[in-house]
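Student: Can you walk me through this one? I'd like to ask as we go.

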Amino acid sequence: MRIKILGSGAGGGFPQWNCNCANCRAVRAGAPGFLPRTQSSLAVSVNGADWLLLNASPDLRQQIAAAPQLAPGPDDGLRASPIKAVALTNGDVDHVAGLLNMREAQPFSLYAAGRVLDALGANPIFTILQTQLVPRIELHTEKATPVTGAGIDLGLAIRAFPVPGKIALYLENANAPNFGTSAGDTLGLEIIETATGDSFFYIPGCAKIDADLAERLRGAKLVFFDGTLFHENEMIEQGLLGKTGSRMGHINVSGADGSIAAFEPLDVKRKIYVHINNSNPLLNEFSDEYAIAQAAGWEIGEDGMEVDL
Ligand code: MLT
Ligand code: MN
Ligand code: ZN
């Protein structure tokens with residue numbers, strides 16, 4: 001299995017269009033130690049020819065242009081794409097808006113939780129993906145769903161599982177308990193190579209590593225994990241937004257309840273942060289926080305990074 005990080009940034013990307021924080025200013029200026037990052041997505045393939053996208057970011061057009069594997073091949077027909085399927089972890093804009101880049105009457109399959117399919121179904125703009133060409137397939141949790149698309153068997157299966165998280169920002173209801181969040185709003189995905197049973201985990205949004213999630217990840221070969229914020233209060237302290245990490249539905253990297261501490265006993269062989277917010281000091285390769293994460297065995301995801309499993 002080959003996995004390619006198409007976008008390692010969180011919603012807004014890096015730099016974010018309207019953000020003038022120290023990180024965004026530095027990356028705009030081309031300062032050493034800062035890399036631009038597009039929004040949150042991975043691509044996966046067994047044969048190198050047919051690909052499954054994990055989330056479809058608003059930057060998908062740019063991500064496809066930067067990935068030769070995702071362009072039509074010289075022997076393909078007039079209209080063709082190696083992207084045969086897309087699976088979504090939630091309904092947030094950074095994970096679904098790229099579907100609109102995939103109109104142009106191209107067949108592929110779309111996999112998501114029922115709650116997310118309902119949100120897409122309630123929005124007429126997504127009817128641009130006609131269901132005859134783009135079947136919408138519900139991911140039932142804890143069931144390995146084989147991945148097919150455009151008549152091709154990708155040799156992959158997806159086992160989705162609920163993780164603590166939050167309903168999509170645009171669906172939040174301030175009057176509902178927990179803003180209206182319920183099971184299925186945020187999924188983790190285990191992507192399984194059918195022929196070998198090898199698998200990895202993709203969890204770009206996660207509010208908490210509870211006992212169930214810890215047991216599921218114990219001993220895993222590879223995990224791509226929510227690296228949104230390093231510090232619970234970093235958005236507030238930088239004067240960017242009055243929200244903590246917890247309020248945003250994202251676990252922090254640091255702290256007693258953070259992901260470094262939670263992964264420490266889990267014996268995960270390779271762990272890579274993705275969905276990194278522009279406020280996060282991990283975006284500065286020379287920061288103390290970057291050194292702390294590396295010393296704890298973490299890699300900081302970068303756009304274009306490829307991992308073979
Ligand atoms: C998030 O991960 O919290 C969302 O991407 C926020 C957003 O939609 O901007
Ligand atoms: Mn996001
Ligand atoms: Zn910024």
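This is a predicted model: local features need pLDDT of at least 70, side-chain atom pairs count only at pLDDT 80 or more; totals for chains, interfaces and linings use all residues.

Student: Okay, what coordinates the zinc ion (ligand 3)?

Tutor: Cys19 (SG), Cys21 (SG), Cys24 (SG) and Asn278 (OD1) do, at 2.3 to 2.6 Å. Donors are N, O and S atoms within 2.8 Å of the metal (3.2 Å for Na, K and Ca); water is not among the atoms, so sites may look incomplete.

Student: Which arrangement do the four donor atoms make?

Tutor: Tetrahedral, because their angles around the zinc ion (ligand 3) are 99 to 116°. For four donors, that label needs all angles between 85 and 135 degrees.

Student: Are Cys19 and Cys21 buried or exposed?

Tutor: Cys19 and Cys21 are both buried. Buried means under 20% relative accessible area, with a 1.4 Å probe and protein chains only.

Student: Next metal. What holds the manganese ion (ligand 2)?

Tutor: Asp94 (OD) and His275 (NE2) coordinate the manganese ion, at 2.1 to 2.2 Å. Asp94 sits in helix α3 (residues 93–96) and His275 in the loop between β12 (271–274) and α9 (288–295), 181 residues apart. Helices (H or I, at least four residues) and strands (E, at least two) are DSSP runs, numbered from the N terminus. Asp94 and His275 are buried too.

Student: Switching to the sheet. What's the strand order?

Tutor: β6-β5-β4-β3-β2-β1-β14, an open sheet of seven strands with mixed pairing. Two strands pair if DSSP finds at least two bridges between them.

Student: Which strands stand at the edges?

Tutor: β6 (136–138) and β14 (306–308). Each has a single partner strand, so one side of each lacks a neighbour in the sheet.

Student: And how many bridges join β1 to β14?

Tutor: Three, and the two strands run antiparallel. Arg2 has Asp308 in β14 as its bridge partner.

Student: Last one. Where is Glu190?

Tutor: Glu190 is in strand β9 (residues 187–193). Its relative accessibility is 11%, so Glu190 counts as buried.

Student: Which side chain does Glu190 meet in a polar contact?

Tutor: Ser199, at 2.6 Å. A polar contact is a pair of N or O atoms within 3.5 Å; within protein, one must be able to donate a hydrogen and the other to accept it, and residues adjacent in sequence count only if both atoms are side-chain atoms.

Terms used: Residues are numbered from 1 along each chain as its sequence is written. Chains are lettered from A and ligands numbered from 1 in the order in which they are written. Side-chain values use heavy atoms; hydrogens and water are left out. Four donors count as tetrahedral if all angles lie between 85 and 135 degrees; four count as square planar and six as octahedral if opposite donors are over 155 degrees apart and all others between 65 and 115; anything else is irregular. Buried means under 20% relative accessible area, exposed over 50%, partly exposed in between (1.4 Å probe, protein chains only).
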